[in-house]
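This note sets out a few points for a colleague who is new to reading protein models. The points are numbered and may be read beside the sequence and the structure.

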Amino acid sequence: MTLSPRASTRALAAALTLLAALACSRGPDPGAAGARPVPVRAAPAAERDVPIEIRAVGRIVANRSVQIRPQVSGTIVGVHFTEGQNVAEGALLVEIDRRPYATALAEARARLEQDRARAENARADAERYADLVQKEFVTRQQYDSARANAAALEAAVVADQAAVDRAALNLAYCSIRAPVAGRTGRLLVDLGNLVAAGGQQPLLTIEQLRPVFATFSVPEQHVPALRARRGDVLLVRVTAGGGEPATGEVTFVDNAVDPQTGTILIKARLANEDERLWPGQVVEVALQVGERTRAVVVPSSAVASGQKGDYAYVVTGESRAQLRQVEVAQAGEAETVIAKGIAAGELVVTEGQLRLRPDAPVEVLKPGAGPPGGAGAGGSTGGGGGARR
């Protein structure tokens with residue numbers, strides 16, 4: 001089908017109108033001259049000394065964890081603590097029926113007194129026989145028998161005293177006391193139950209929470225740094241659940257690398273005066289093994305990850321966004337140490353990067369101003385990635 005000249009002209013005009021409308025809908029190129037500046041927040045890169053840290057995930061263990069088991073058999077007749085209570089060393093926890101053991105102690109004492117009286121009489125007889133044998137009123141055999149009888153009864157007295165001590169100890173074991181100060185756990189055997197000495201199940205567990213220890217492992221490539229600091233105080237920072245960090249110091253570094261995991265075990269002591277850290281809790285650990293002098297530091301929000309690696313936007317003197325590929329030496333929650341790509345004093349974009357393109361005009365908001373308009377919309381095309389975590 002062939003169009004007339006007039007129809008062809010109308011079709012060409014319609015196509016040009018459509019292209020113009022599409023061009024207007026796309027909006028101006030942020031990099032073009034006269035484009036509207038993108039509002040952003042920015043901060044200068046600083047230069048200062050920063051600690052060199054090794055990051056790891058660890059677990060809190062109690063300073064002392066004691067399982068309380070009965071040392072005598074009997075019925076539980078008293079519980080003198082509340083589950084989860086902090087108890088002092090020596091505090092009474094559980095009582096076992098004392099009556100059988102009090103009776104055994106009384107019997108042992110009576111037997112001791114009986115044998116003690118016999119021993120005194122036998123000793124007196126042996127002394128009399130010693131005089132008589134000198135005068136030959138008795139035979140040597142009679143004297144020796146008297147001495148042997150006295151010695152046997154003396155030994156019986158010693159055995160009876162040991163029995164009394166054992167019975168007294170068993171009676172004392174009826175009152176189960178806290179061997180250490182700490183927090184009590186759940187009572188695993190209720191009041192009125194019969195317990196046996198040496199049973200497998202403990203009555204309860206006491207965890208000593210002041211201090212506690214953080215145990216963690218670091219890769220074996222950090223062994224040279226640890227050896228270089230041998231004899232020095234190594235500080236750690238421990239964070240649990242996003243709360244305030246607790247500080248402590250390393251008390252133990254294992255003497256061998258685990259061949260299965262390629263890591264070395266480390267233990268750090270934490271005062272834990274407020275008892276924020278509990279045994280079994282998973283924590284983030286930062287171990288300081290040195291210090292970087294005159295390092296370039298930027299806010300962590302300024303660094304993002306893309307297809308080509310980590311990058312950041314720098315505000316130039318002409319108020320334009322310049323894309324920089326950077327090399328991160330150490331990343332933290334709030335600050336990141338830059339090894340290459342940004343110099344101290346340069347202004348880096350910390351908020352509003354999602355609307356930026358290389359060489360786009362920017363408007364740096366003053367401190368206290370509202371959030372960058374539309375900073376959460378659109379997507380970044382400069383690095384091909386999102387914010388770095």
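**Notes on the predicted model**

1. Helices α2 and α3 run roughly antiparallel to each other, because their axes cross at roughly 160° and an angle over 145 degrees counts as roughly antiparallel. The structure discussed here and in every point below is a predicted model. Helix α2 covers residues 99-134 and helix α3 covers residues 140-173, and their axes come within 7 Å. The crossing of α2 past α3 is left-handed. Sorted by class, the residues in the contact of α2 with α3 are 23 nonpolar, four polar and 10 charged.

2. A106 belongs to helix α2. With a relative accessibility of 45%, A106 is classed as partly exposed, because that class lies between 20% and 50%. Although 58 residues separate A106 from V164 in sequence, their C-alpha atoms are 8.3 Å apart in space.

3. S319 sits in the loop between β17 (309-315) and β18 (321-325), and its relative accessibility of 36% makes S319 partly exposed. P367 is located in the segment after β22. Its relative accessible area is 83%, so P367 counts as exposed. Between P367 and R41 the C-alpha separation is 8.3 Å, for a distance along the chain of 326 residues.

4. The aromatic rings deserve a separate remark. The count of aromatic pairs comes to one. This pair is formed by Y311 and Y313, whose ring centres are 6.2 Å apart and whose planes stand at 90°, an edge-to-face arrangement. Y311 and Y313 are both buried.

5. A charged group and a ring also meet in this model: K267 places its charged end over the ring of F213, at 5.6 Å from the ring centre.

6. Most residues other than glycine have a negative phi, and most peptide bonds are trans. Which form does the peptide bond from R210 to P211 take? The bond is cis, and its omega is near 0°. P211 lies in the loop between β10 (204-207) and β11 (212-219).

7. N272 is part of the loop between β14 (263-270) and β15 (282-299), whereas D359 is part of the loop between β21 (347-351) and β22 (362-364). Is each of these residues buried, partly exposed or exposed? N272 is buried, because its relative accessible area is 8% and the buried class is under 20%. D359 has a relative accessible area of 42% and is therefore partly exposed.

Terms used: Residues numbered from 1 in each chain as written. Predicted model: local features only at pLDDT ≥ 70, side-chain atom pairs only at ≥ 80, totals over all residues. Heavy atoms only, no water. Axes fitted to C-alpha atoms, helices over the stretch in contact; angles between N-to-C directions. Helix = DSSP H or I, 4+ residues; strand = E, 2+ residues; numbered from the N terminus. Parallel < 35°, antiparallel > 145°, perpendicular 65-115°, else oblique. Left-handed = near helix turned anticlockwise from the far one by under 90°. Nonpolar A, V, L, I, M, F, W, Y, C, P; charged D, E, K, R; others polar. Phe/Tyr/Trp six-rings, centres within 6.5 Å; stacked < 30°, edge-to-face > 60°. Buried < 20%, exposed > 50% of the residue type's maximum accessible area, 1.4 Å probe, protein only. Lys NZ or Arg CZ within 6 Å of the ring centre and 35° of its normal.
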